[in-house]
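Please look through the sequence and the structure before reading the report.

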Amino acid sequence: MCWGPLKRFCHWGPLIALGIIKSVTFATVNCLSQWWPPHESWGGKVVFFSFMICAILTLYCFLHAMFTGPGTLPLEWEPENPEDRKFLQFCGTCEGFKAPRAHHCRKCGSCVMKMDHHCPWINNCVGHKNHCAFTLFLLFAVLGCAQATVVLGLSIYHAIHRTWYIYYGTGREPIVYMSLWGMVVCMFVLGLAIGVVLAVGMLLYFQIRAILRNRTAIEDWILEKAVHRRGALETPFIYPYNLGRWNNFKHVINFMCEANGDGITWPVREECHQYTLTIEQLEQKAEKRARSREYQVVERYTGWWFPCTKGLGTCCHPPCTDEPRIALQPGDIVAVTRWKKYWLYGERISGRESTERHRGWFPRCCAVQVVSNESDSDTASPDPQRAAQEAPVETKKKR
């Protein structure tokens, strides 16, 4: 028996998503059979079949996106031309190079082709092979729930006024029967449908915008840093994968939900080449390492997301990200690359013996900055403007 698909399915995200799809579908079909029965008029048939088409396509695209997956690089992958290795990042976990537009997902445990983000609702990443199916899943979910909102809302209205229709109506009003519990269930499902329209509709907007720009969420962040890093005086960075809205759209969206290309080689603009973005990433990584600062841990941190013992400010101002927290012991040395008022982000470079990389957020009060001499204290902060706004940080000289 293959446990792979079952393991992918047995997660709170897919279970909740399928529960919402099932409840909205059953409640809408039940209400529609009383409010506008499909066997009594052509209008009822059109509404019923259009809703069922959206429901079936929503379920199909959902399962397709979840089980097809985004496409992953094999372990120890490397480019065909050995000279191209210098243009690529190396993944220590997969023990191979990252192809252009590929990124390592710590939840999936592999390097994902054209990774956009890890979606808990499909318990998988959204990337090269399932980007089309995921976007169509969002589209049909929004269309179906918008239709369900109208059907459920009007059915509840007619059920409330059923008695009035019997005595004072014209006889042409639909009679909808609902018990008290049936009314409660329908109102709950109506709330779910409205929530899907608003929340998933917003996600659909961002996905369509990303497709038209041919930029993933990760590449948005890379491009933003590239523009900021170069400034107005240098040559502006040209994003290599933007081929025009229509070409970008055709490259992702198709009726067969099949991916175009192999996920490694990509069509690029004439003034760019395959490694334009990867070279920029390497330069950004080098700058980040250059501005990193070493901190020595002085208080134990267990990795809790809301460490109440580290102060009210730390507990009430956690980083707004799903990035991990890193457990630390006194004496550990951490190379910090991001700073917030109450939290720091970095990689543990010494301490407990381990072959794995340990990176994440930890409370700022748990560590003090290490400087090699007095002159380093003047340049300890990578951002003087930020340092002036934040609380002062204690320093400790190296022995």
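The report begins with the basis of the model and then describes its parts.

## Basis of the model

The model is predicted, so local features require a pLDDT of at least 70 and side-chain atom pairs count only at pLDDT 80 or more, while totals for chains, interfaces and linings use all residues. Residues are numbered from 1 along each chain as its sequence is written, and side-chain values use heavy atoms, with hydrogens and water left out.

Helices (DSSP runs of H or I, at least four residues) and strands (DSSP runs of E, at least two) are numbered from the N terminus.

## The second largest pocket

A pocket is an open set of points on a 1 Å grid over the protein atoms alone, with protein on both sides within 12 Å along at least five of seven lines; a cavity is a set of points where a 1.4 Å probe fits but cannot get out, and lining residues have an atom within 4 Å of a point. Grid points are joined across faces, edges and corners, and a volume is the space filled by probe spheres set on the points.

The second largest pocket holds about 400 Å³ of space. Its lining consists of 24 residues, and I20, F137, A141, V196 and V200 are those nearest the centre. At least two lining residues come from each of α2 (12-35), α3 (42-68), α4 (131-160) and α6 (180-213); α4 gives the largest share, with seven residues. By type, the lining has 20 nonpolar residues, four polar and no charged. Here Ala, Val, Leu, Ile, Met, Phe, Trp, Tyr, Cys and Pro count as nonpolar, Asp, Glu, Lys and Arg as charged, and the others, Gly among them, as polar.

## Two cavities

There are two cavities of 30 Å³ or more. The largest cavity contains about 90 Å³ of space. Among the residues that line it are K114, H128, H131, C132, H251, E258 and W266, and α4 and α8 (245-252) each supply at least two residues of this lining. The lining of the largest cavity comprises five nonpolar, four polar and three charged residues.

The second largest cavity has a volume of about 40 Å³. Its lining includes Q89, K98, P100, R101, H103 and Q281, and divides into three nonpolar, four polar and two charged residues.

## Surface features

W12, I16 and W121 make up a nonpolar surface patch with about 320 Å² of accessible area together. A patch of this kind joins nonpolar side chains (Val, Leu, Ile, Met, Phe, Trp, Tyr) within 5 Å, from residues with over 30% relative accessible area and no salt bridge, a salt bridge being a side-chain nitrogen of Lys or Arg within 4 Å of a carboxyl oxygen of Asp or Glu. Accessible areas come from the Shrake-Rupley method with a 1.4 Å probe.

W121 lies in the loop between β5 (117-119) and β6 (124-126). W121 is partly exposed because its relative accessibility is 38%, where buried means under 20%, exposed over 50% and partly exposed in between. F26 belongs to helix α2 and is exposed, with a relative accessible area of 56%. F26 and V189 are 163 residues apart in sequence, and their C-alpha atoms are 9.8 Å apart in space.

## Positive phi angles

Most residues other than glycine have a negative phi. E76, which is not a glycine, has a positive phi of about 60°. E76 sits in the loop between α3 and β1 (90-91) and counts as exposed because its relative accessibility is 51%.

N123 also is a residue other than glycine with a positive phi, near 50°. N123 is in the loop between β5 and β6, and its relative accessibility of 13% makes N123 buried.

Note on methods. Patches are made of residues with over 30% relative accessible area and no salt bridge: like charges are joined within 9 Å, nonpolar side chains (Val, Leu, Ile, Met, Phe, Trp, Tyr) within 5 Å. Buried means under 20% relative accessible area, exposed over 50%, partly exposed in between (1.4 Å probe, protein chains only).
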